[in-house]
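Reader: I have a protein model to look at, and I would like to know what lies behind the words used for it. Can we go through them one at a time?

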Amino acid sequence: MSGPVTVLIIDQDADSRWLLRDTLSTQQQLSVIAETDSLVYGYEIIRQNHPQVVFVDLKDDPQKTLEVIHRISTYFKDILIIVSGTELTMETLMACMQAGAREFIQRPLNSQQILDTLAKHYNALTVEPDVGDATGRMITIFSNKGGLGKTTVAVNLAVALSQVIKQPVVLVDLNLQLGDITTFLDIEPKQTIVDIAKNIGRVDATYLENSLAEYTLVDPSGGEAKVYILADPLNMEEAEEVSAEQINAVLTVLRASFPYVIVDTNTSFDSKTLTALDLADDILLVSIVNLPCIRSSQRLLNLFNRLGYEANKIKLVVNRFVAGEEISIEDVEDTLEHPVFWKIPNAYQVVMTAINRGIPIAEVEGGKNIQKNLLDFAYKLSGKVMRTPAPLQGHNSHSEAPKKSEKTSVLPTLPFKSIFGKNKP
């Protein structure tokens, strides 16, 4: 393996962080990539940089820390998690190990103890990792207002992505009480997310193939598309039976089985929605061009920043775009200080025909322009070479995507300007 073993320090005590950093810096084969006192920022650094070792302290909020440790061990199984704490009780040790930690160091810390602990695992850490189990890309679609076309975007983007990559994708309805995906595609689900969650221990590719509903589109001009659907519960009261932890596990299994997982969420912030947002590689924030939606988008961007999401993870999608409106796309971008990633043209009659007939836009006669736009959208998201994009009612170009920022140990903090030009904290 080339390069030193990479280490992240998450510790609320400044003196302990200094001791860890100072101790590790004496070893050429170790490299501290970042340090933080925040579990939220620490987890985002892990997502972006995938260190090999993470030091975590169990100081002020053990339960929350154990939850984060469990999340790290679930999604990054090869990371060595070393927990430090003042109480070395059997109960504490068991809780840490069950969460996924592999070592526990007694506080106050000392340099020899730190190095001895790492030495036990050094050989394993320097073995070249197996990269054969690449996971799929997860795209979570969100808006905190109803009626903006979020589900329309989710359903038709899933179909377009399958056409572009020429592989099946999976579409998850995480609006657990009032989901509409099965209605939009006029299908009867074999099983719902409740059934999958209850049987997560035996879920594999074969089980998924036999359990998920399937929609196949054969389009001579656009190729075949196959979308597997994980439906919302049949009864509203069943939504309470599905926990955030189960959703976490279900989405992880789906990512291991499909190249793309598209998640349609509800419009409220709860632990289940936050799970889908945390896990996403991309969050498509759906909005339209009017003052209330711009203000709502501004608040959401502020919140996403406080959650530690990198700016390029949030992709602003303007739905029902009409050129020449009083508020321009440039006005939106200037106000939000965030680029518009994509614009979907206003095609009310085509979209309503698709919804009322239970078919994707690709099957609607007269929907050629908006379908081409959706295919170009899928090309851009997938990174494949895009064809000449469809003009949008007088506009012949799309806003540029934000450039992917280099991985650094410091996460960006973005200032957001209010709609009235005043700075918000």
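Author: The model is a predicted one. Its secondary structure comes to 15 helices and 15 strands.

Reader: What makes a residue count as buried, and what percentage of the protein is buried?

Author: Buried means under 20% relative accessible area. Of the 425 residues, 52% count as buried.

Reader: Which contacts join residues 24 or more positions apart, and what is their share?

Author: Among contacts with a separation of 6 or more, residues 24 or more positions apart account for 74%.

Reader: Why are β2 and β5 said to stand at the edges of a sheet?

Author: The sheet is open and has five strands in the order β2-β1-β3-β4-β5, paired in parallel. β2 (30–36) and β5 (103–106) each have a single partner strand, so one side of each is left without a neighbour in the sheet. Neighbouring strands are turned by 20 degrees against each other on average, with direction ignored.

Reader: How do you know that β3 and β4 pair?

Author: A pair needs at least two bridges. Five bridges join β3 (residues 53–57) to β4 (residues 80–85), and the two run parallel; therefore they count as a pair by that cut-off. Within this stretch, F55 stands opposite I82 in β4.

Reader: Which strands does helix α3 touch, and what angle does its direction make with that of β4?

Author: Helix α3 (residues 62–75) packs on the sheet and touches β3 and β4. Its direction makes about 170 degrees with that of β4. Helix α5 (residues 111–125) also packs on the sheet, touching β1 (5–10), β2, β3, β4 and β5. The direction of α5 makes about 165 degrees with that of β5.

Reader: What is the volume of the second largest pocket, and which element gives the largest share of its lining?

Author: The volume of the second largest pocket is about 690 Å³. Of its 21 lining residues, E67, V68, R71, T275 and D278 are the closest to its centre. The largest share of the lining, six residues, comes from α3. By class, the lining divides into nine nonpolar, five polar and seven charged residues.

Terms used. Residues numbered from 1 in each chain as written. Predicted model: local features only at pLDDT ≥ 70, side-chain atom pairs only at ≥ 80, totals over all residues. Heavy atoms only, no water. Helix = DSSP H or I, 4+ residues; strand = E, 2+ residues; numbered from the N terminus. Axes fitted to C-alpha atoms, helices over the stretch in contact; angles between N-to-C directions. Contact = heavy atoms within 4.5 Å. Buried < 20%, exposed > 50% of the residue type's maximum accessible area, 1.4 Å probe, protein only. 1 Å grid on protein atoms, 1.4 Å probe; cavity = no way out; pocket = protein on both sides within 12 Å on 5 of 7 lines; lining within 4 Å. Points joined across faces, edges and corners; volume = space filled by probe spheres on them. Nonpolar A, V, L, I, M, F, W, Y, C, P; charged D, E, K, R; others polar.
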